[in-house]
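Trainee: Could we walk through this model together? I would like to learn how to read its contacts.

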Amino acid sequence: MKEVFEGIAKAAARIAEALEHDDTGYSDNKNSTGDVQLKLDIRSDYIVEEELSRIPTVRALASEEKEQIEPIRTGGQYLVGYDPLDGSSLADVDLSVGSIFGVYENSFLGANLMAAAYVVYGPRVEMVTAYKQNVELWRQDRGEFKFVQILRLRDSGKLVAPGGTQQYWYPHHKELIDSMFAEGYRLRYSGGMVPDLHQILIKGGGLFSYPGTTDKAKGKIRLVFESMPFAKVFEMAGGLALNDRGERLLVSEPKGHHDTSPCFFGSKTEIERAMRAYGNV
Ligand code: FBP
């Protein structure tokens, strides 16, 4: 697994360079979800593919930016699902964006997720890895990623990151979010799930939700590339990561590797509160 994390670190350094210098405009292409791709989406996807294909233990790659799973070699152990530049539409306003990686064995099911990593491209470039028993924070320093600390969530927090278009929230979801703000929780939502979730993790707790809505019953966040990797991080840091039925995201069995699901990440107190609002407790 070490060589996979090293490949991710190399890709991160190159994507950080591209974010600093490349054109933030749109290309003429659309991805498999029908989103018009930024030139940076395509560039970042190319960089990740080039760096991870070199790794002998990587058997196949599944990118949010590509329709099909890409076989790399027959003998490899790992399948890597990734979003090369999540929240890329924020790049042109110079807000933080990120890359997300799930390292699976055999198939893209939650039970097969062996490790996860994400990178935040902000004032600093930071990488968080979740493997075996620890969630580790690494920071790029003069081109090298250096270990900073182990990350743990407290049992409760003060931050709320409420995703989704509010006019399409179900009434019980709106009641949940409004009641939290009425009790003094602070709004922290940038529209980039990587910095939004990183903030909750670093500050020790809170709630990130991207619910099912009247216009998108299955939400927007993709299981294989986005929510299952973050579920691994949040559970290993002592938090919870559930869907709208109160099931662990890490037991999801997506039918297609672009499938989405409503998702809730956070510290135990806030997640339990959300599940009560959804009638799951
Ligand atoms: P992309 O992968 O297309 O960037 O979309 C994911 C995302 O940008 C998340 O990072 C973020 O949490 C969410 O979409 C924001 O969606 P919305 O603008 O509907 O709140």
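Trainee: Happy to start at the ligand: how far is a polar side-chain atom of aspartate 83 from an oxygen atom of the ligand?

Mentor: This is a predicted model, where local features need pLDDT of at least 70, side-chain atom pairs count only at pLDDT 80 or more, and totals for chains, interfaces and linings use all residues. Residues are numbered from 1 along each chain as its sequence is written, and side-chain values use heavy atoms, with hydrogens and water left out. For aspartate 83, the gap from a polar side-chain atom to a ligand oxygen atom is 3.3 Å.

Trainee: How much area do domain 1 and domain 2 bury between them?

Mentor: An automatic or database assignment sets the bounds, giving domain 1 (2–150) and domain 2 (159–277). The contact (heavy atoms within 4.5 Å) takes 44 residues from domain 1 and 27 residues from domain 2. Buried area is the accessible area (1.4 Å probe) that two parts lose on being put together, summed over both. Carbon and sulfur atoms carry 68% of it, and the total is about 2,500 Å².

Trainee: Which residues of domain 1 lose the most area to domain 2?

Mentor: Look at the domain 1 side of the interface. Together, three residues make up 21% of what that side buries, and they are Ile100, Leu113 and Tyr118.

Trainee: How many salt bridges does the count give between domain 1 and domain 2?

Mentor: A salt bridge here is a side-chain nitrogen of Lys or Arg within 4 Å of a carboxyl oxygen of Asp or Glu. Arginine 222 forms one with aspartate 35, with the closest N and O atoms 3.3 Å apart. A search of the whole structure finds 20, while the count between domain 1 and domain 2 is two.

Trainee: In which helix do glutamate 6 and lysine 2 lie?

Mentor: Their side chains meet in a salt bridge, N to O at 2.6 Å. Glutamate 6 and lysine 2 are four residues apart, about one turn of the helix. Helices are DSSP runs (H or I, at least four residues) numbered from the N terminus, and this one, residues 2–21, is helix H1.

Notes
Polar contact = N/O pair within 3.5 Å; in protein donor to acceptor, adjacent residues only side chain to side chain. Helix = DSSP H or I, 4+ residues; strand = E, 2+ residues; numbered from the N terminus.
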